[in-house]
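I opened the file to look up a few local features and note what turned up. The entries follow in the order I made them.

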Amino acid sequence: MKDNRIHTSKYSILTFLPINLFEQFQRVANAYFLFLLILQLIPEISSLTWFTTIVPLVLVVTMTAVKDATDDYFRHKSDNQVNNRQSEVLIDSKLQNEKWMNVKVGDIIKLENNQFVAADLLLLSSSEPHGLCYIETAELDGETNLKVRHALSVTSELGADISRLAKFDGIVVCEAPNNKLDKFTGVLSWNGSKHSLNNEKIILRGCVLRNTSWCFGMVIFAGPDTKLMQNSGKTKFKRTSIDRLMNTLVLWIFGFLICLGTILAIGNSIWENQVGDQFRTFLFSNEREKNSVFSGFLTFWSYIIILNTVVPISLYVSVEVIRLGHSYFINWDRKMYYSRKATPAEARTTTLNEELGQIEYVFSDKTGTLTQNIMTFKKCSINGRIYGEVCDDWGQKTDMTKKKETMGFSVSPQADRTFQFFDHHLMESIELGDPKVHEFLRLLALCHTVMSEENSAGELIYQVQSPDEGALVTAAKNLGFIFKSRTPETITIEELGTLVTYQLLAFLDFNNFRKRMSVIVRNPEGQIKLYSKGADTILFERLHPSNEDLLTLTSDHLSEFAGEGLRTLAIAYRDLDDKYFREWHKMLEDANTTTDERDERIAGLYEEIERDLMLLGATAVEDKLQDGVIETVTSLSLANIKIWVLTGDKQETAINIGYACNMLTDDMNDVFIIAGNTATEVREELRKAKENLFGRNRSFSNGHVVFEKKQSLELDSVVEETVTGDYALIINGHSLAYALESDVKNDLLELACMCKTVVCCRVTPLQKAQVVELVKKYRNAVTLAIGDGANDVSMIKSAHIGVGISGQEGLQAVLASDYSFAQFRYLQRLLLVHGRWSYVRMCKFLCYFFYKNFAFTLVHFWFGFFCGFSAQTVYDQWFITLFNIVYTSLPVLAMGIFDQIALDTSYWTVINHVFIWGSIATYFSILFTMHSNDIFGIFPNQFPFVGNARHSLTQKCIWLVILLTTVASVMPVVAFRFLKVDLFPTLSDQIRQWQKAQKKARPLRTRKPQTRRSSSRRSGYAFAHQEGYGELITSGKNMRAKNPPPMSGLEKTLYNSTSWIENLCKKTTDTVSSFSQDKTVKL
């Protein structure tokens, strides 16, 4: 029987050494130097000692192993932290604390409010009536709204009776472990009866119990079999394109080395055959005559050893040092430090920095990554008037800032001090008794599914299934219309200090088709009213004709709200005749009791009564974006980086965020929505979208052909250039499941990659990883995945680069990531500053490194023609050993770590001076030391050249040769750079010239940045809760017998800080146009 232990680490104590060494020797260079080390142990062919190779090789392997072991240690630490969590388990008829890792299938566990669920459980009973419990699934699908689970009626009777629970002997037969979060099928056999089980009876690992004092559950799946772990990808060994390039270069250079060795070996055979005999006689050699061919064979391997410095092992040491330095730059970057939570950016790996500069696709979660999980009531339109805008003394709109005085209703002691609203005209309308305003706020306080309770301090706490509804009910509370309590038959609110109880006659529940919800209530005066709120496109069709003028005005207001990225709802009511309502209610009761077409009849009755509505206005709720999201998205788009949003949230919510972030705009040529429920429907929708995108004159595959070759999925760049305009693709999770099948994914990938923006809604964690893998495999593009919850771990592991945001959903994403920080906006600096600099620095470093080593090594090739091809070295052994490690290491390291784009030839920094002159000083210091009397006295065999340096450097010709060599080497490079900057300046050169010109000119007058506005789009409705809460309320199943521990209230709203990207974009545009009016410069 499996336990509940989880493993996310790569190594154990026993497997670390073999697996890590196997991974390291996948590097061609490491295997190459191991081969050289073996050659150097053969005295017949080696003219260099073995330690010149083994020391740096062991150093590199050890450094990498320590780094990998450290990374895996933190994974083990995270696993132990989770596995050692405590949970109450029913053992021997007693509740005992047990570690999570010891929980087994069949155990009965007790959970308390706000506890994490240890394993996948069958809910048996709870503290709530009818065995209900509330859970938050943010770790699974990113949604923060509460969901309801309810136990079977036969098990809910067990309650908290430990003795009865201990005797529970039910048998569950269910599906095999799988990764489907929204489906479960099984059967419980108990007491001779069988009961069907579905997803509503199951609580999954990763959920948090909310608003429920306690519940009991039986473990169905544990450990790696849980749906959370089934959706977690495996930890993969990630390598950068630079690593792969270096492997390729090493192979080519090794081939070049073999060619050099072959030429010198042939030369040795010829020399031995023609000159060797006489030369050996001259040396009075007594050895027998050598075979010239065998001599050439030995010489070949000798030169392979001598010329191996073309690719020295110090290359990899230097690369690791540079990467480490770049990682510290990320960790130390104050502009990526989030002061509110004291969270710095962290490079959790040191091997992927330069890959950050090559990102082509960014896959982002929505909830908690782009947004803050905070809904705030921003504006409203009541009877044709907008409330929520702030005007100055001249009647002009002004920006809302923290300096503005917020408003609240002073009469209400329940007012929330964190509520931010700036328009005092609404307060005046309330105090003057405007009937429309009162009716508007009354509707907000009555038409919802919110539950209320009081904590120990007497404060009113709202428990909401939808954050949107929480924002609206909280707004009504702060404006004097306070929702107090509810029963299955009544709703009690406080209207401007007066308690009023309404009789709840009917609840017309929300669903995805209706896109609205309504309540029918009777007020104390006996009047029956229907209050309704929903999507404007749905509600406007059901208005009374007398609302035409108000409809036009409110529609304009809605467009304005949506243009600011706000989530909107239309608000309307209807006065009902008592006789008409009784007749309608009788038909509703008959429809509820019928078995034929029950849902259709109920929907028809809802349609009948929700007509001839009177429009009151509209609400505008802000799904609060994180600071700087819009500017970051804009910057990444300018860098030609495509952003795909992969979210478990509903389609309308994701689309709203897309418009709020400017990823979706009204200026787009088309937005394709794929929502088919079958493979045929999805295939047809993709085909139609491609026809609209490419035109009907292009032939398409019919989707039935299975492409066997990988090249069939690799798109031709010429095709991309033929697509003009901006397009977006939106696809649901159930449609994505069919689209990822082998015969359709070609069409999906081709369509998606032609679109500027892609939004995938209602996707599972595994589907997120599958989308990333699809792009990785067939687009050959560098990908980055960013998220903040456990539901993002799979795609974070699958992408080339994984970024975790340390937000409100735990640390699972951070622990699985390569880089982490606190805000999405820091991604801009990570990619466009650290990523680009790391890539450019690494490329320059490699060029200089190979240049100096080729110059150093090819001297031996040249010298071979003067030494009889005898594999003798022109340098002494210590010079060969120290050349890469000491003499020439600092300048290339300095450039690789500190070089800045467009500034490398402008001036020398302190670092340049220290490393250049320091290297020269180090060379002469070591030179004089090795040629001194003192070192000769200690090691006479190793340092025999006493006084050589002192006497040689007194010769003027030596210094003249050094000077001429330096000038001859530097002047061509300087001349080439000068001509290139003058004749073919790059954008960096132009900006640098502009900066120099600005120093001489007068400082420009700074202008106040204008407020950015999102596209003017009619926003979707702002419901985020699920269908069915109306039935729960009217049935009374969710009415609590006692108050569970309270939850925290809404967080304070945060304000977006003005970003510098607009000024940067304008400045860059001005710069380019001033230097090159007739050229198009690509950023």
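**Helix α12**

I began with burial: 10 of the 12 residues of α12 are buried, so this helix is largely enclosed by the rest of the structure. The model is a predicted one, and I read every entry below with that in mind.

I listed the buried positions of α12 and found V437, H438, E439, F440, L441, R442, L443, L444, A445 and L446. I then checked the span of α12, residues 435–446: from its first C-alpha to its last it reaches 16 Å, close to the 16 Å expected at 1.5 Å a residue. At the N-terminal end I found a cap from D434, with a side-chain oxygen 3.0 Å from the backbone nitrogen of K436.

**Sheet β7-β8-β9**

I looked up the strand order next. Three strands make an open sheet, ordered β7-β8-β9, with antiparallel pairing. β7 (171–174) and β9 (193–197) are the edge strands with a single partner each, so one side of each has no neighbour in the sheet.

For the β7 pairing I noted four bridges to β8, residues 186–190, with the two strands running antiparallel. Within this pairing, I found V173 opposite V187 in β8.

**T492**

Is T492 buried or exposed? I looked up its relative accessible area, which is 15%; the cut-off for buried is under 20%, so T492 counts as buried. I placed T492 in strand β22, which covers residues 490–495.

I went through the contacts of T492, leaving out residues up to four places away in sequence, and got I482, F483, K484, S485, L499, V500 and T501. With T501, the side chain of T492 also makes a polar contact of 3.3 Å.

**K238**

Where does K238 lie? I found K238 in the loop between α7 (227–230) and α8 (241–282). The relative accessible area of K238 is 18%, and this residue is buried.

I checked which residues K238 touches, again without those up to four places away in sequence. The list is L352, I796, K797, A799, H800, I801, G802 and D818. I looked at K797 from this list separately: K238 and K797 are 559 residues apart in sequence, and their C-alpha atoms are 9.2 Å apart in space.

Key. Residues numbered from 1 in each chain as written. Predicted model: local features only at pLDDT ≥ 70, side-chain atom pairs only at ≥ 80, totals over all residues. Heavy atoms only, no water. Buried < 20%, exposed > 50% of the residue type's maximum accessible area, 1.4 Å probe, protein only. Polar contact = N/O pair within 3.5 Å; in protein donor to acceptor, adjacent residues only side chain to side chain. Contact = heavy atoms within 4.5 Å. Expected span 1.5 Å × (residues − 1). Pairing = 2+ DSSP bridges.
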